[in-house]
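Biologist: Before I plan around this protein, could you take me through how its helices and strands are put together?

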Amino acid sequence: MKTQINITKLTIAAAAVFLSTFSPKNSLAQTTPAVKNIVIVHGAFADASGWEGVYKILKKDGYNVTVVQNPLTSLNDDVAATNRALEKQDGPAVLVGHSWGGSVITEAGVSPKVTSLVYVAAFAPEVGQSTLDVYQSGPALAKNGILPADKNGLVYFDKALFHECFAADLTEAKADFMFDSQQPIVGSSFVAPLTQAAWKTKPTYGIVATMDKAINPELERAMYKRAGAVVTEVKGSHVIFISQAAAVARVIEAAAKNGSEKK
């Protein structure tokens with residue numbers, strides 16, 4: 001009789017383990033891969049190297065990080081460069097964009113590889129809107145450092161305003177280096193209308209740089225509200241990814257951990 005009771009107990013215990021292991025909740029956890037890939041898209045007047053601080057934090061925390069070098073020759077060209085980076089990922093990815101890069105990820109983010117979007121002081125246009133359209137829809141800035149296109153159609157940020165309006169919370173020496181190494185953008189990029197808006201279907205996070213003098217923080221808030229983004233406000237300039245790298249990395253990691261369905 002004692003042997004029969006022990007066998008019964010073992011049978012019940014085994015059944016409990018089986019049900020626990022193969023319950024719908026645990027099955028979902030086993031089949032939904034953790035997002036370990038981060039793809040970052042830089043903005044105009046800069047290049048990918050400014051993201052080194054964020055890159056190092058994410059790498060230390062176990063993420064695979066790709067920082068796209070945009071050609072800045074057109075919206076289509078930058079989207080194509082981003083798509084090539086996404087295609088190389090071995091699984092799902094969080095797509096991050098700064099400034100002009102926000103327009104790029106809005107278009108490229110419809111890729112099935114993308115689980116969520118992170119806008120860092122970035123544009124988030126609607127379908128049919130250009131970056132210039134959305135820029136002009138918000139309150140005007142006190143100063144505008146974006147110069148008219150030169151004879152080659154290239155747009156630069158004004159040297160006289162670069163430190164004050166682009167990188168105010170960096171040292172003057174760092175701002176001077178960034179100006180002298182800035183990557184101009186072909187001006188027609190800003191007037192290209194978007195044909196996709198990934199924030200409509202993908203979970204979206206937005207970082208407002210509260211000291212931004214290149215994109216009005218009020219415009220950032222309005223765009224992120226329209227996108228239904230989870231918003232984080234961080235005190236910093238337009239290059240907040242440099243001056244507040246740890247805060248930016250935290251938001252990116254939150255996007256990686258919090259699922260892939262738009263609420």
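Modeller: What follows is a set of questions and answers on a predicted model.

Biologist: In what order do the six strands of the open sheet lie?

Modeller: The six strands form an open sheet in which the pairing is parallel, and the twist averages 20° from one strand to the next. Strands of a sheet pair through backbone hydrogen bonds, either parallel or antiparallel. Read across the sheet, the order is S2-S1-S3-S4-S7-S8.

Biologist: Which strands stand at the edges of that sheet?

Modeller: An edge strand has a single partner strand, so one side of it is left without a neighbour in the sheet. The strands to which this applies are S2 (64–68) and S8 (230–234).

Biologist: Which residue in S3 stands opposite Asn37?

Modeller: Strand S1, residues 37–41, runs parallel to strand S3, residues 93–98, and five bridges join the two. Within S3, the residue opposite Asn37 is Ala93.

Biologist: Which strands does H3 touch where it packs on the sheet?

Modeller: Helix H3 packs on the sheet with a direction that makes about 160° with that of S2. The strands that H3 touches are S1 and S2.

Biologist: Are H3 and H11 roughly parallel or oblique to each other?

Modeller: Helix H3, residues 52–60, and helix H11, residues 245–257, have axes 9 Å apart and pack at an angle of about 50°, in a right-handed crossing. Angles under 35 degrees would count as roughly parallel, and those from 65 to 115 as roughly perpendicular. H3 and H11 are therefore oblique.

Biologist: How do the residues of the contact of H3 with H11 divide?

Modeller: From H3, the contact includes Gly53, Val54, Ile57 and Leu58, while H11 brings Ala245, Ala246, Val248, Ala249, Ile252 and Glu253. These residues divide into eight nonpolar, one polar and one charged.

Biologist: Does Glu253 count as buried or exposed?

Modeller: Glu253, which lies in helix H11, is in contact with Ile57, Leu58, Asp61 and Tyr63, leaving aside its neighbours within four places in sequence. Its relative accessibility is 11%, and the cut-off for this class is under 20%. Glu253 therefore counts as buried.

Biologist: At what angle do H4 and H5 pack?

Modeller: Helix H4, residues 75–87, passes helix H5, residues 100–108, in a right-handed crossing. Among the residues that meet are Leu75 and Leu86 in H4 and Trp100 and Val104 in H5, and those of the whole contact divide into six nonpolar, three polar and two charged. The axes are 9 Å apart, and the packing angle is about 65°.

Definitions and conventions. Residues numbered from 1 in each chain as written. Predicted model: local features only at pLDDT ≥ 70, side-chain atom pairs only at ≥ 80, totals over all residues. Heavy atoms only, no water. Axes fitted to C-alpha atoms, helices over the stretch in contact; angles between N-to-C directions. Helix = DSSP H or I, 4+ residues; strand = E, 2+ residues; numbered from the N terminus. Parallel < 35°, antiparallel > 145°, perpendicular 65-115°, else oblique. Left-handed = near helix turned anticlockwise from the far one by under 90°. Contact = heavy atoms within 4.5 Å. Nonpolar A, V, L, I, M, F, W, Y, C, P; charged D, E, K, R; others polar. Buried < 20%, exposed > 50% of the residue type's maximum accessible area, 1.4 Å probe, protein only. Pairing = 2+ DSSP bridges.
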